[in-house]
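Student: I would like a close look at one part of this model, the place where its two chains meet. Could you take me through it and then relate it to the rest of the structure?

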Number of protein chains: 2
Amino acid sequence: MISELQAYLQAEFGIHFQDTALLAEAFTQASYVNEHPKEHLKYYERIEFLGDAVLQLFVSEYIYQRFPELPQGKLTRLRAAMVCEDSFSKFALECHFDQYIRLGRGEEMAGARKRPSLLCDIFEAFIGALYLDQGRAAVEKFIHRVIFPKLDQGWFDHAVDAKTTLQEFLQRNGDVQIVYHLLKESGSENEPVFTVNVSANGQVIGQGTGSSKKHAEMAAAQVALEALRHTKK
Amino acid sequence: MISELQAYLQAEFGIHFQDTALLAEAFTQASYVNEHPKEHLKYYERIEFLGDAVLQLFVSEYIYQRFPELPQGKLTRLRAAMVCEDSFSKFALECHFDQYIRLGRGEEMAGARKRPSLLCDIFEAFIGALYLDQGRAAVEKFIHRVIFPKLDQGWFDHAVDAKTTLQEFLQRNGDVQIVYHLLKESGSENEPVFTVNVSANGQVIGQGTGSSKKHAEMAAAQVALEALRHTKK
(Lines give C-alpha, C1' and ligand atoms only; values in the text may rest on other atoms or scores of the structure.)
Protein backbone atom coordinates (compact mmCIF):
# COMPACT_ATOMS: atom_id res chain seq x y z
CA MET A 1 0.00 0.00 0.00
CA ILE A 2 2.81 2.45 0.86
CA SER A 3 4.69 1.96 -2.40
CA GLU A 4 1.43 2.64 -4.24
CA LEU A 5 0.96 5.76 -2.15
CA GLN A 6 4.51 6.80 -2.94
CA ALA A 7 3.84 6.39 -6.68
CA TYR A 8 0.52 8.22 -6.42
CA LEU A 9 2.03 11.20 -4.59
CA GLN A 10 4.80 11.39 -7.18
CA ALA A 11 2.38 11.27 -10.14
CA GLU A 12 -0.34 13.49 -8.71
CA PHE A 13 1.61 16.06 -6.69
CA GLY A 14 5.23 15.65 -7.76
CA ILE A 15 6.12 14.70 -4.18
CA HIS A 16 8.88 12.15 -3.61
CA PHE A 17 9.33 11.09 0.00
CA GLN A 18 12.88 10.33 1.14
CA ASP A 19 11.79 8.66 4.38
CA THR A 20 9.12 6.12 3.41
CA ALA A 21 8.88 4.85 7.01
CA LEU A 22 7.71 8.32 8.01
CA LEU A 23 5.16 8.33 5.19
CA ALA A 24 3.96 4.88 6.28
CA GLU A 25 3.66 6.09 9.88
CA ALA A 26 1.43 8.97 8.76
CA PHE A 27 -1.00 6.60 7.06
CA THR A 28 -1.08 3.90 9.74
CA GLN A 29 -3.75 3.70 12.43
CA ALA A 30 -3.12 2.13 15.86
CA SER A 31 -5.51 -0.74 15.02
CA TYR A 32 -3.21 -1.85 12.19
CA VAL A 33 -0.14 -1.72 14.43
CA ASN A 34 -1.91 -3.87 17.02
CA GLU A 35 -2.67 -6.52 14.39
CA HIS A 36 0.98 -6.63 13.21
CA PRO A 37 2.93 -6.72 16.50
CA LYS A 38 6.02 -8.30 14.97
CA GLU A 39 6.58 -5.47 12.50
CA HIS A 40 7.19 -2.87 15.27
CA LEU A 41 5.23 -0.24 13.34
CA LYS A 42 4.41 3.27 14.46
CA TYR A 43 1.05 4.94 14.04
CA TYR A 44 0.19 8.46 12.96
CA GLU A 45 -0.66 10.24 16.21
CA ARG A 46 2.67 11.89 16.97
CA ILE A 47 3.08 13.16 13.40
CA GLU A 48 -0.50 14.38 13.43
CA PHE A 49 0.34 16.45 16.54
CA LEU A 50 3.05 18.18 14.53
CA GLY A 51 1.03 18.46 11.29
CA ASP A 52 -1.80 20.20 13.08
CA ALA A 53 0.57 22.96 14.25
CA VAL A 54 2.14 23.22 10.78
CA LEU A 55 -1.29 23.79 9.22
CA GLN A 56 -2.26 26.30 11.91
CA LEU A 57 0.79 28.44 11.20
CA PHE A 58 0.80 28.29 7.40
CA VAL A 59 -2.93 28.99 7.12
CA SER A 60 -2.60 31.81 9.66
CA GLU A 61 0.29 33.33 7.76
CA TYR A 62 -1.52 33.13 4.43
CA ILE A 63 -4.72 34.80 5.60
CA TYR A 64 -2.76 37.36 7.66
CA GLN A 65 -0.97 38.46 4.48
CA ARG A 66 -3.89 38.12 2.11
CA PHE A 67 -6.45 40.02 4.20
CA PRO A 68 -4.42 42.97 5.53
CA GLU A 69 -7.54 44.80 6.72
CA LEU A 70 -9.24 41.88 8.48
CA PRO A 71 -9.29 42.36 12.27
CA GLN A 72 -8.15 39.57 14.59
CA GLY A 73 -11.65 38.31 15.41
CA LYS A 74 -12.45 37.67 11.76
CA LEU A 75 -9.03 36.17 11.08
CA THR A 76 -9.66 33.76 13.96
CA ARG A 77 -13.11 32.84 12.63
CA LEU A 78 -11.76 32.30 9.12
CA ARG A 79 -8.89 30.15 10.37
CA ALA A 80 -11.28 28.07 12.46
CA ALA A 81 -13.37 27.39 9.34
CA MET A 82 -10.29 26.38 7.35
CA VAL A 83 -8.42 24.43 10.03
CA CYS A 84 -11.09 22.01 11.23
CA GLU A 85 -12.22 18.42 10.92
CA ASP A 86 -14.89 19.21 8.36
CA SER A 87 -12.47 20.92 5.97
CA PHE A 88 -9.54 18.57 6.44
CA SER A 89 -11.64 15.42 6.00
CA LYS A 90 -12.92 16.82 2.69
CA PHE A 91 -9.39 17.67 1.55
CA ALA A 92 -8.28 14.13 2.47
CA LEU A 93 -11.08 12.63 0.36
CA GLU A 94 -10.35 14.98 -2.53
CA CYS A 95 -6.70 13.84 -2.39
CA HIS A 96 -7.86 10.17 -2.28
CA PHE A 97 -5.94 9.67 0.98
CA ASP A 98 -8.72 7.36 2.23
CA GLN A 99 -7.52 4.69 -0.20
CA TYR A 100 -4.08 4.46 1.41
CA ILE A 101 -4.86 4.30 5.16
CA ARG A 102 -3.63 1.15 6.92
CA LEU A 103 -6.40 -0.01 9.24
CA GLY A 104 -7.03 -3.04 11.43
CA ARG A 105 -9.83 -5.35 10.36
CA GLY A 106 -12.27 -4.28 13.08
CA GLU A 107 -11.88 -0.62 12.19
CA GLU A 108 -12.21 -1.42 8.50
CA MET A 109 -15.47 -3.28 9.10
CA ALA A 110 -16.73 -0.41 11.27
CA GLY A 111 -16.32 1.95 8.31
CA ALA A 112 -13.42 3.94 9.77
CA ARG A 113 -11.95 4.56 6.31
CA LYS A 114 -14.65 7.16 5.56
CA ARG A 115 -14.91 8.54 9.10
CA PRO A 116 -14.31 12.32 9.05
CA SER A 117 -12.28 12.31 12.28
CA LEU A 118 -9.85 9.71 10.90
CA LEU A 119 -9.62 11.43 7.50
CA CYS A 120 -8.84 14.70 9.28
CA ASP A 121 -6.13 13.03 11.38
CA ILE A 122 -4.55 11.46 8.31
CA PHE A 123 -4.54 14.78 6.46
CA GLU A 124 -2.75 16.42 9.39
CA ALA A 125 -0.34 13.51 9.72
CA PHE A 126 0.49 13.67 6.00
CA ILE A 127 1.27 17.39 6.35
CA GLY A 128 3.45 16.65 9.39
CA ALA A 129 5.37 13.98 7.48
CA LEU A 130 5.73 16.22 4.42
CA TYR A 131 7.09 19.00 6.64
CA LEU A 132 9.63 16.72 8.32
CA ASP A 133 10.71 15.04 5.09
CA GLN A 134 10.62 17.88 2.57
CA GLY A 135 10.48 21.10 4.57
CA ARG A 136 8.36 24.17 4.57
CA ALA A 137 8.38 24.93 0.84
CA ALA A 138 6.90 21.54 -0.07
CA VAL A 139 4.06 21.99 2.42
CA GLU A 140 3.34 25.47 1.10
CA LYS A 141 3.24 24.22 -2.47
CA PHE A 142 0.82 21.46 -1.47
CA ILE A 143 -1.56 23.67 0.50
CA HIS A 144 -1.49 26.36 -2.19
CA ARG A 145 -2.96 23.72 -4.43
CA VAL A 146 -5.30 21.90 -2.04
CA ILE A 147 -6.47 24.45 0.55
CA PHE A 148 -6.14 28.07 -0.56
CA PRO A 149 -8.13 27.85 -3.85
CA LYS A 150 -11.16 26.94 -1.70
CA LEU A 151 -11.15 30.50 -0.41
CA ASP A 152 -11.93 31.73 -3.93
CA GLN A 153 -14.47 28.97 -4.40
CA GLY A 154 -16.47 30.26 -1.44
CA TRP A 155 -15.92 27.30 0.92
CA PHE A 156 -15.33 29.56 3.89
CA ASP A 157 -17.70 32.43 3.09
CA HIS A 158 -19.80 31.58 6.14
CA ALA A 159 -16.86 32.49 8.38
CA VAL A 160 -16.27 35.94 6.91
CA ASP A 161 -19.18 38.19 6.02
CA ALA A 162 -19.96 38.59 2.33
CA LYS A 163 -19.18 42.33 2.27
CA THR A 164 -15.64 41.69 3.51
CA THR A 165 -15.16 38.85 1.02
CA LEU A 166 -16.48 40.92 -1.89
CA GLN A 167 -14.17 43.78 -0.97
CA GLU A 168 -11.15 41.50 -0.84
CA PHE A 169 -12.18 39.82 -4.10
CA LEU A 170 -12.55 43.09 -6.01
CA GLN A 171 -9.60 44.95 -4.55
CA ARG A 172 -7.06 42.22 -5.05
CA ASN A 173 -5.78 43.83 -8.25
CA GLY A 174 -6.01 47.45 -7.15
CA ASP A 175 -8.43 49.94 -5.68
CA VAL A 176 -12.10 49.55 -6.63
CA GLN A 177 -14.83 51.85 -5.30
CA ILE A 178 -17.63 49.74 -3.80
CA VAL A 179 -20.92 51.49 -3.03
CA TYR A 180 -24.10 50.09 -1.44
CA HIS A 181 -27.27 51.95 -2.40
CA LEU A 182 -30.69 51.64 -0.73
CA LEU A 183 -33.24 51.25 -3.55
CA LYS A 184 -36.44 50.92 -1.55
CA GLU A 185 -38.01 50.11 1.79
CA SER A 186 -41.21 48.04 1.57
CA GLY A 187 -43.17 45.55 3.68
CA SER A 188 -44.93 46.55 6.91
CA GLU A 189 -43.59 48.41 9.91
CA ASN A 190 -43.19 45.12 11.79
CA GLU A 191 -41.74 43.26 8.85
CA PRO A 192 -39.82 45.76 6.76
CA VAL A 193 -38.05 44.69 3.56
CA PHE A 194 -35.00 46.62 2.42
CA THR A 195 -33.70 46.38 -1.14
CA VAL A 196 -30.08 47.35 -1.78
CA ASN A 197 -27.79 47.15 -4.74
CA VAL A 198 -24.00 47.15 -4.79
CA SER A 199 -21.83 48.70 -7.46
CA ALA A 200 -18.15 48.51 -8.27
CA ASN A 201 -16.69 51.65 -9.90
CA GLY A 202 -20.22 52.74 -10.80
CA GLN A 203 -21.36 49.45 -12.34
CA VAL A 204 -24.11 47.56 -10.49
CA ILE A 205 -22.94 44.02 -9.79
CA GLY A 206 -25.58 42.69 -7.39
CA GLN A 207 -28.88 43.33 -5.65
CA GLY A 208 -30.39 41.86 -2.49
CA THR A 209 -33.16 42.20 0.07
CA GLY A 210 -33.25 41.74 3.82
CA SER A 211 -35.06 42.61 7.03
CA SER A 212 -32.50 45.33 7.76
CA LYS A 213 -30.26 47.52 5.62
CA LYS A 214 -27.27 45.50 6.78
CA HIS A 215 -28.86 42.17 5.88
CA ALA A 216 -29.84 43.53 2.46
CA GLU A 217 -26.24 44.69 1.86
CA MET A 218 -24.94 41.24 2.82
CA ALA A 219 -27.39 39.60 0.42
CA ALA A 220 -26.39 41.97 -2.39
CA ALA A 221 -22.69 41.28 -1.74
CA GLN A 222 -23.35 37.53 -1.80
CA VAL A 223 -25.19 37.79 -5.15
CA ALA A 224 -22.35 39.88 -6.59
CA LEU A 225 -19.75 37.40 -5.34
CA GLU A 226 -21.52 34.43 -6.88
CA ALA A 227 -21.91 36.25 -10.20
CA LEU A 228 -18.24 37.30 -10.23
CA ARG A 229 -17.05 33.79 -9.39
CA HIS A 230 -19.29 32.35 -12.10
CA THR A 231 -17.86 34.79 -14.65
CA LYS A 232 -14.28 33.94 -13.68
CA LYS A 233 -14.70 30.24 -14.46
CA MET B 1 9.32 54.23 24.03
CA ILE B 2 9.83 52.30 20.78
CA SER B 3 13.37 53.56 20.19
CA GLU B 4 14.20 52.55 23.77
CA LEU B 5 12.70 49.13 23.08
CA GLN B 6 14.73 48.90 19.89
CA ALA B 7 17.93 49.68 21.82
CA TYR B 8 17.00 47.24 24.60
CA LEU B 9 16.33 44.36 22.18
CA GLN B 10 19.65 45.05 20.46
CA ALA B 11 21.61 45.12 23.71
CA GLU B 12 19.86 42.25 25.48
CA PHE B 13 19.06 39.83 22.63
CA GLY B 14 21.11 41.07 19.67
CA ILE B 15 17.86 41.67 17.74
CA HIS B 16 17.72 44.60 15.35
CA PHE B 17 14.29 45.23 13.86
CA GLN B 18 14.18 46.50 10.26
CA ASP B 19 10.52 47.48 10.42
CA THR B 20 10.12 49.58 13.55
CA ALA B 21 6.44 50.29 12.74
CA LEU B 22 5.80 46.57 13.04
CA LEU B 23 7.65 46.45 16.36
CA ALA B 24 5.61 49.44 17.57
CA GLU B 25 2.38 47.72 16.48
CA ALA B 26 3.28 44.65 18.54
CA PHE B 27 3.66 46.74 21.70
CA THR B 28 0.62 49.00 21.24
CA GLN B 29 -2.75 48.32 22.83
CA ALA B 30 -6.03 49.52 21.30
CA SER B 31 -6.53 51.96 24.20
CA TYR B 32 -3.38 53.85 23.15
CA VAL B 33 -4.50 53.98 19.52
CA ASN B 34 -7.86 55.42 20.59
CA GLU B 35 -6.16 58.20 22.54
CA HIS B 36 -3.96 59.13 19.57
CA PRO B 37 -6.42 59.15 16.66
CA LYS B 38 -4.34 61.50 14.49
CA GLU B 39 -1.34 59.19 14.42
CA HIS B 40 -3.21 56.39 12.57
CA LEU B 41 -1.55 53.73 14.69
CA LYS B 42 -2.18 50.01 14.60
CA TYR B 43 -2.50 47.81 17.66
CA TYR B 44 -1.13 44.38 18.36
CA GLU B 45 -4.08 42.03 17.82
CA ARG B 46 -3.44 40.93 14.23
CA ILE B 47 0.26 40.26 14.88
CA GLU B 48 -0.65 38.40 18.06
CA PHE B 49 -2.90 36.12 15.95
CA LEU B 50 0.15 35.22 13.87
CA GLY B 51 2.59 35.00 16.78
CA ASP B 52 0.36 32.54 18.60
CA ALA B 53 0.53 30.14 15.63
CA VAL B 54 4.30 30.64 15.30
CA LEU B 55 4.80 29.65 18.95
CA GLN B 56 2.45 26.66 18.62
CA LEU B 57 4.47 25.25 15.73
CA PHE B 58 7.98 25.92 17.01
CA VAL B 59 7.23 24.58 20.48
CA SER B 60 5.49 21.54 18.95
CA GLU B 61 8.44 20.86 16.68
CA TYR B 62 10.93 21.16 19.53
CA ILE B 63 9.16 18.78 21.90
CA TYR B 64 8.33 16.38 19.05
CA GLN B 65 12.06 16.07 18.30
CA ARG B 66 13.30 16.16 21.87
CA PHE B 67 10.91 13.54 23.28
CA PRO B 68 10.86 10.88 20.56
CA GLU B 69 9.11 8.37 22.82
CA LEU B 70 6.40 10.65 24.20
CA PRO B 71 2.94 9.69 22.91
CA GLN B 72 0.62 12.30 21.44
CA GLY B 73 -1.48 12.77 24.58
CA LYS B 74 1.56 13.71 26.65
CA LEU B 75 2.98 15.92 23.89
CA THR B 76 -0.34 17.77 23.83
CA ARG B 77 -0.35 18.20 27.62
CA LEU B 78 3.23 19.44 27.63
CA ARG B 79 2.56 21.90 24.81
CA ALA B 80 -0.52 23.20 26.60
CA ALA B 81 1.61 23.87 29.69
CA MET B 82 4.25 25.71 27.63
CA VAL B 83 1.95 27.59 25.25
CA CYS B 84 -0.45 29.30 27.66
CA GLU B 85 -1.18 32.62 29.29
CA ASP B 86 0.52 31.69 32.52
CA SER B 87 3.83 30.79 30.84
CA PHE B 88 3.85 33.57 28.25
CA SER B 89 3.02 36.29 30.78
CA LYS B 90 5.95 35.13 32.91
CA PHE B 91 8.29 35.12 29.89
CA ALA B 92 7.09 38.64 29.02
CA LEU B 93 7.92 39.87 32.53
CA GLU B 94 11.27 38.11 32.52
CA CYS B 95 12.07 39.89 29.23
CA HIS B 96 10.90 43.22 30.75
CA PHE B 97 8.38 43.65 27.93
CA ASP B 98 5.92 45.20 30.41
CA GLN B 99 8.07 48.35 30.47
CA TYR B 100 7.57 49.00 26.76
CA ILE B 101 3.81 48.52 26.23
CA ARG B 102 1.97 51.58 24.91
CA LEU B 103 -1.27 51.86 26.89
CA GLY B 104 -4.07 54.39 27.13
CA ARG B 105 -4.40 56.28 30.41
CA GLY B 106 -7.47 54.40 31.62
CA GLU B 107 -5.81 51.04 31.07
CA GLU B 108 -2.63 52.27 32.74
CA MET B 109 -4.56 53.38 35.81
CA ALA B 110 -6.42 50.05 35.89
CA GLY B 111 -3.09 48.25 36.18
CA ALA B 112 -3.18 46.63 32.72
CA ARG B 113 0.62 46.78 32.41
CA LYS B 114 0.97 43.86 34.85
CA ARG B 115 -2.18 41.97 33.73
CA PRO B 116 -1.22 38.42 32.67
CA SER B 117 -3.62 38.37 29.69
CA LEU B 118 -2.06 41.53 28.24
CA LEU B 119 1.49 40.37 28.93
CA CYS B 120 0.69 37.09 27.18
CA ASP B 121 -0.74 38.94 24.16
CA ILE B 122 2.31 41.18 23.93
CA PHE B 123 4.66 38.20 24.11
CA GLU B 124 2.81 36.53 21.22
CA ALA B 125 2.69 39.78 19.25
CA PHE B 126 6.43 40.27 19.72
CA ILE B 127 7.06 36.76 18.38
CA GLY B 128 4.75 37.47 15.40
CA ALA B 129 6.63 40.68 14.63
CA LEU B 130 10.02 39.00 15.02
CA TYR B 131 8.90 36.23 12.64
CA LEU B 132 7.70 38.70 10.01
CA ASP B 133 10.72 40.97 10.31
CA GLN B 134 13.58 38.53 10.86
CA GLY B 135 12.27 35.09 9.90
CA ARG B 136 12.18 31.71 11.47
CA ALA B 137 15.81 31.48 12.61
CA ALA B 138 15.57 34.63 14.74
CA VAL B 139 12.46 33.32 16.50
CA GLU B 140 14.11 29.97 17.14
CA LYS B 141 17.18 31.65 18.61
CA PHE B 142 14.96 33.75 20.89
CA ILE B 143 12.81 30.88 22.16
CA HIS B 144 15.84 28.64 22.63
CA ARG B 145 16.99 31.25 25.12
CA VAL B 146 13.69 32.26 26.73
CA ILE B 147 11.40 29.21 26.61
CA PHE B 148 13.22 25.90 26.19
CA PRO B 149 15.62 26.17 29.16
CA LYS B 150 12.52 26.21 31.39
CA LEU B 151 11.99 22.56 30.50
CA ASP B 152 15.26 21.69 32.24
CA GLN B 153 14.41 23.95 35.13
CA GLY B 154 11.28 21.93 35.80
CA TRP B 155 8.69 24.62 34.92
CA PHE B 156 6.50 22.13 33.08
CA ASP B 157 7.06 19.00 35.16
CA HIS B 158 3.40 19.01 36.22
CA ALA B 159 2.39 18.37 32.60
CA VAL B 160 4.59 15.32 32.07
CA ASP B 161 4.95 12.68 34.73
CA ALA B 162 8.22 12.59 36.65
CA LYS B 163 9.18 9.09 35.40
CA THR B 164 9.05 10.28 31.79
CA THR B 165 10.99 13.44 32.60
CA LEU B 166 13.65 11.52 34.52
CA GLN B 167 14.07 9.07 31.66
CA GLU B 168 14.49 11.88 29.13
CA PHE B 169 16.88 13.70 31.47
CA LEU B 170 19.12 10.68 32.01
CA GLN B 171 19.06 9.29 28.49
CA ARG B 172 19.84 12.51 26.70
CA ASN B 173 23.51 11.57 26.40
CA GLY B 174 23.07 7.87 25.70
CA ASP B 175 21.41 4.81 27.07
CA VAL B 176 21.04 4.54 30.84
CA GLN B 177 19.38 1.63 32.61
CA ILE B 178 16.71 2.95 34.96
CA VAL B 179 15.26 0.50 37.50
CA TYR B 180 12.53 1.04 40.08
CA HIS B 181 12.78 -1.29 43.07
CA LEU B 182 10.07 -1.88 45.71
CA LEU B 183 11.80 -1.65 49.12
CA LYS B 184 8.85 -2.25 51.41
CA GLU B 185 5.11 -2.19 51.82
CA SER B 186 3.90 -0.77 55.16
CA GLY B 187 0.84 0.97 56.58
CA SER B 188 -2.54 -0.73 56.92
CA GLU B 189 -4.60 -2.64 54.37
CA ASN B 190 -6.80 0.41 53.80
CA GLU B 191 -3.93 2.87 53.80
CA PRO B 192 -0.89 1.07 52.41
CA VAL B 193 2.43 2.87 52.04
CA PHE B 194 4.84 1.74 49.36
CA THR B 195 8.50 2.67 49.40
CA VAL B 196 10.45 2.53 46.16
CA ASN B 197 13.89 3.56 45.07
CA VAL B 198 15.15 4.32 41.59
CA SER B 199 18.60 3.57 40.27
CA ALA B 200 20.49 4.58 37.16
CA ASN B 201 23.04 2.04 35.92
CA GLY B 202 22.94 0.38 39.34
CA GLN B 203 23.40 3.55 41.40
CA VAL B 204 20.48 4.59 43.61
CA ILE B 205 19.54 8.20 42.79
CA GLY B 206 16.23 8.65 44.60
CA GLN B 207 13.67 7.19 46.96
CA GLY B 208 9.99 7.89 47.47
CA THR B 209 6.79 6.72 49.11
CA GLY B 210 3.18 6.64 47.96
CA SER B 211 -0.22 5.04 48.38
CA SER B 212 0.42 2.83 45.36
CA LYS B 213 3.51 1.41 43.69
CA LYS B 214 3.03 3.84 40.85
CA HIS B 215 2.75 6.87 43.12
CA ALA B 216 5.86 5.78 45.00
CA GLU B 217 7.78 5.44 41.71
CA MET B 218 6.67 8.94 40.68
CA ALA B 219 7.80 10.32 44.04
CA ALA B 220 11.19 8.56 43.71
CA ALA B 221 11.62 9.92 40.18
CA GLN B 222 10.78 13.44 41.36
CA VAL B 223 13.34 13.23 44.17
CA ALA B 224 15.97 11.92 41.73
CA LEU B 225 15.19 14.73 39.25
CA GLU B 226 15.51 17.44 41.86
CA ALA B 227 18.80 16.01 43.11
CA LEU B 228 20.19 15.73 39.57
CA ARG B 229 19.14 19.27 38.70
CA HIS B 230 20.67 20.55 41.93
CA THR B 231 23.96 18.78 41.15
CA LYS B 232 24.02 20.23 37.64
CA LYS B 233 23.90 23.86 38.85
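Tutor: Happy to, and let me begin with a count for the whole structure: it holds 26 salt bridges over all chains, a salt bridge being a side-chain nitrogen of Lys or Arg within 4 Å of a carboxyl oxygen of Asp or Glu. Please keep in mind that this is a predicted model, in which local features need pLDDT of at least 70 and side-chain atom pairs count only at pLDDT 80 or more, while totals for chains, interfaces and linings use all residues. Residues are numbered from 1 along each chain as its sequence is written, chains are lettered from A and ligands numbered from 1 in the order in which they are written, and side-chain values use heavy atoms, with hydrogens and water left out.

Now to the part you asked about. At the interface, 30 residues of chain B are in contact with 30 residues of chain A, where contact means heavy atoms within 4.5 Å. The two chains bury about 2,500 Å² between them, and 60% of that lies on carbon and sulfur atoms; buried area is the accessible area (1.4 Å probe) that two parts lose on being put together, summed over both. On the chain B side, B:R46, B:F49 and B:Y64 supply 36% of the area buried against chain A, more than any other three residues.

Polar contacts do cross the interface, with 14 residue pairs found (both residues at pLDDT 80 or more). A polar contact is a pair of N or O atoms within 3.5 Å; within protein, one must be able to donate a hydrogen and the other to accept it, and residues adjacent in sequence count only if both atoms are side-chain atoms.

The side of chain B that touches chain A draws at least two residues from each of α4 (45-66), α5 (72-82) and α8 (116-134) of chain B. Helix α4(B) gives the largest share, 17 residues. Helices (H or I, at least four residues) and strands (E, at least two) are DSSP runs, numbered from the N terminus. By residue class, this side divides into 17 nonpolar, five polar and eight charged, with Ala, Val, Leu, Ile, Met, Phe, Trp, Tyr, Cys and Pro counted as nonpolar, Asp, Glu, Lys and Arg as charged, and the others, Gly among them, as polar.

Next, the inside of chain A. The domain assignment, automatic or from a database, gives domain 1 (2-154) and domain 2 (162-232) of chain A. Their contact takes eight residues from domain 1 of chain A and four from domain 2 of chain A. Together these domains bury about 500 Å², 45% of it on carbon and sulfur atoms. Within domain 1 of chain A, the residues that lose the most area to domain 2 are A:R66, A:F67 and A:D152, together 63% of what that side buries.

Side chains of opposite charge can pair when their charged atoms come close. Across this domain interface the rule finds one salt bridge. A:R66 and A:E168 meet through their side chains in a salt bridge at 2.9 Å, N to O. Another salt bridge joins A:K163 and A:E217 at 2.5 Å, N to O.

Finally, the strands. In chain A, β1 (residues 178-187) and β2 (residues 192-200) pair in the antiparallel sense over nine bridges, pairing requiring that DSSP finds at least two bridges between the strands. These strands form a hairpin with four residues between them, and A:K184 has A:T195 in β2(A) as its bridge partner.
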